[in-house]
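Please look over this model with me. My notes follow, point by point.

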Amino acid sequence: MGFKRYTYCFLGLLCLFLGGNYLVWELRTKDLLSNTVYQGGDLARMGYIYASKDYRKNKVDLAKRHITLKEYDGRRIDVLTIGDSFSNGGAGGRNYFYQDYIATINNFEVLNIPRHKELDPLTTVSIFCNNGFFDRIKPKFVLIGVDEKLGSEFAGMDPNFSIDRERFATYKQMDYEAARPPLTFINNGNVKFLVYNMVYWFSDHAFSGVYMRKLKNELFSVPNSDTLLFLRYKRPPTVETIRSLNDNVNKVAEKLAAKGITLVFMPCVDKYNLYSDYIVNNPYPRSIFFEELRTLPKRYRFIDTKAILAEELRKGEKDIFYADDTHWGWKASKIIFENVSFE
Amino acid sequence: MLFNSFEFILFFLPLTVVVYFLLLRRHLTIAARSWLLFASLCFYSWWNVRYLPLILGSILFNYTVGGLLAEYDAGVKRGVSKKSIFLCGIVANIALLCWFKYMDFFIGTANGLLGTQLPFLKIVLPLGISFFTITQIAFLVDAYEGLVEERNLLNYALFVTFFPHLLAGPILHHSEMMPQFERLRNKVLNWKNLYLGLTLFFLGLFKKVVLADTFSAWASAGFDTTQPLSLVPAWLTSLSYTFQLYFDFSGYSDMAVGVGWMFNIRLPINFNSPYKATGMIDFWKRWHITLTNFITTYLYTPILRAMGRITFTNSLVAIFLAMLISGFWHGAGWNFIIWGGMHGAGLVVNHAWKKKKYKMPAWLGWLITFNFVNVSFVFFRAKSLAGGGQILAGMAGLNGVVLHKSLEKFSLLRDAGVTFGKWLDAIKGNDETWITAVVALVIVVSLKNSMEIVSRVRASWGWLALLLVASFWSLLDMSKVSEFLYFQF
């Protein structure tokens with residue numbers, strides 16, 4: 001066989017390859033990987049798990065909304081919030097900012113400020129104590145809302161860390177609303193979709209990083225209603241870690257108290273942590289984050305999201321977290337802030 | 001349009017090849033060349049059609065100057081000397097390049113030195129202007145010396161704009177390319193050339209989108225960070241860029257040569273495993289070979305001639321000056337001039353060493369050369385001299401040493417002042433970063449390069465499998481999914 005036939009072979013196989021990509025994209029991955037169909041669903045996207053998709057579009061139907069730093073016009077601020085994706089509408093869908101529930105339920109002015117890369121939110125708050133930012137804004141409450149995994153990292157922060165405004169300005173802000181890069185119908189996600197969905201038959205994580213375990217009850221309103229998708233703790237926090245983080249939060253709370261500001265710390269319960277009691281034959285260790293933190297002395301207000309949401313789960317409430325996401329949904333935000341008083 | 005775009009691979013390239021050979025099959029040679037010229041201008045305009053008049057004007061001007069120079073050789077007398085016309089042509093080309101590429105650099109330098117407040121022009125650099133300008137400067141020099149003559153505007157325009165080499169080389173001589181369009185056997189579709197061209201194209205694409213783009217993420221993170229880098233991330237930043245640049249540029253050159261083959265046109269080879277070089281002279285014989293030839297012929301030789309006497313010392317001065325200019329050609333900034341100066345100095349030392357007939361083990365020569373090149377590329381990539389200095393400070397260990405937590409148990413390291421923790425976070429790296437850098441080093445030092453691989457390709461299933469893997473993998477990676485956009489805990 002000469003070069004001519006091998007060239008035809010190549011071109012034929014290339015056409016098949018392109019056609020296969022087009023089919024997978026149109027039938028499955030376009031839904032998972034692009035924003036065109038629905039927002040949110042980071043776990044379904046990372047694990048390529050089609051049956052767990054919870055279709056949603058971003059919308060807000062609450063009476064009062066929070067403002068961002070760009071919209072800040074010098075008005076009185078009741079609550080200033082800062083945090084990770086939980087505090088930045090990471091899940092998408094209905095009322096995707098918990099700040100809007102704080103604003104509506106309490107008739108508060110709520111300002112959400114961005115997180116900076118290479119700085120954790122507690123360190124940022126500590127910096128704002130020193131650089132005059134809080135003296136200018138004068139909020140009554142500062143609420144730090146972060147995933148409990150990031151909260152554990154506060155153990156390693158330096159509560160006295162201080163930098164001037166010029167240096168602080170060099171830190172870039174995280175953009176949680178950045179649009180996903182546009183994809184064409186040929187992309188490596190098509191292959192990952194095929195591979196992961198085959199490997200999930202033999203492995204609960206398919207080397208995708210997203211774990212998939214059966215639940216004892218149907219806790220979600222999607223086709224995979226009794227399946228939990230979650231990310232594992234790389235290193236579950238130890239008692240020492242939790243004590244250390246509590247010390248650091250206390251120190252920052254004292255700095256804020258000296259300015260007449262109350263610190264509210266809201267570690268957002270990890271999805272696995274909340275649902276771990278409902279997993280069938282759960283082989284993974286449980287987190288002691290909330291159980292340990294609850295017992296420690298605090299000079300800040302603590303929102304025990306695990307206790308509040310676990311109670312709702314016991315009542316059989318569905319979709320507290322989105323089935324396809326690491327983040328909780330609007331139901332969780334509503335329940336939590338109906339249970340929290342800012343008096 | 002870029003080679004690594006779907007519109008090029010799936011539409012432009014197949015359409016251009018098919019129509020070109022269909023026209024040739026009907027013996028419509030001029031129509032085929034016109035088609036190729038039209039396709040090349042579309043290829044150029046895809047980025048920004050506003051610059052089409054610029055390249056067309058440049059072609060017309062240089063064609064006219066070339067024609068005038070040729071008329072002198074034919075004995076036609078004019079009011080101005082041949083040399084004046086030649087100099088006018090060269091100055092106009094350099095002025096064009098200066099306007100688009102260097103004006104803001106000159107303004108910035110003037111503001112810095114004289115304390116003036118001249119506003120920057122912020123001119124957008126037209127795609128490929130450096131390449132199509134020096135290609136035409138070379139043509140004018142050759143025409144002035146009577147080595148080349150082109151009286152056909154279509155042929156000349158095709159020589160300048162032929163899309164495989166238009167944007168980033170290889171830098172061509174008229175005499176290398178245009179006779180190939182005339183050869184009868186090149187006017188027929190050659191299946192072997194097409195197959196080998198496809199193989200080389202996709203190997204190049206693989207180098208670009210799979211290898212270079214992988215390193216690009218770490219290099220960008222390292223060069224863009226505002227925080228001082230410790231020892232390991234600083235080295236991985238510089239190595240990532242060194243590998244990125246090689247895989248990117250040599251991949252692009254492979255794609256250009258591969259596309260040329262599809263049209264039965266042999267473009268010159270641009271890279272020959274440069275990171276295997278055991279000295280700076282050796283390096284420049286392997287790195288961007290067509291530029292080295294250009295520098296030697298059109299910079300080094302005229303500078304040496306201008307010095308009057310050809311001595312060893314004068315030749316070293318000429319080498320240094322030629323490399324300094326070459327650095328400036330690469331980019332409008334002091335960091336590029338320093339990069340050129342470093343390579344000039346490296347070549348001078350290498351020539352002096354060679355003349356003294358000193359010996360050095362090959363491995364030591366490689367080690368010195370590779371590290372010298374790696375350090376010099378820090379200036380090539382850095383946004384400013386200060387930025388480059390910050391990376392070099394990190395590489396020298398001035399910002400401390402942070403290693404992975406798993407090494408904390410070694411008291412020797414602790415005693416030496418090493419700290420442990422998030423060692424590669426500053427460059428958004430992980431274990432994959434250093435493993436990939438080691439693998440890349442092994443690839444560039446010990447494996448055959450893509451041209452050597454393609455020279456062994458036969459019509460067999462094994463080689464077809466290689467082509468399929470390279471092409472499918474590259475096409476998939478051209479549109480990469482970022483699943484972890486929100487995964488930033």
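**Notes on the model**

1. In chain A, strand E4 (residues 141-147) and strand E7 (residues 262-268) run parallel, joined by 7 bridges. One such link pairs A:Phe141 with A:Thr262 in E7(A). Two strands count as paired if DSSP finds at least two bridges between them. Strands (E, at least two residues) and helices (H or I, at least four) are DSSP runs, numbered from the N terminus.

2. This is a predicted model: local features need pLDDT of at least 70, side-chain atom pairs count only at pLDDT 80 or more, and totals for chains, interfaces and linings use all residues. Residues are numbered from 1 along each chain as its sequence is written, chains are lettered from A and ligands numbered from 1 in the order written, and side-chain values use heavy atoms, without hydrogens and water.

3. E4 and E7 belong to an open sheet of 6 strands in chain A, with order E1-E3-E2-E4-E7-E8 and parallel pairing. Strands E1 (67-68) and E8 (301-302) of chain A each have a single partner strand, so one side of each lacks a neighbour in the sheet.

4. Which helices cross at roughly 40°? They are H3 (residues 98-106) and H13 (residues 330-339) of chain A, whose axes come within 9 Å. Axes are lines fitted to C-alpha atoms over the stretch in contact, and angles run from 0 to 180 degrees between N-to-C directions. Residues in contact (heavy atoms within 4.5 Å) include A:Tyr101 of H3(A) and A:Phe337 of H13(A).
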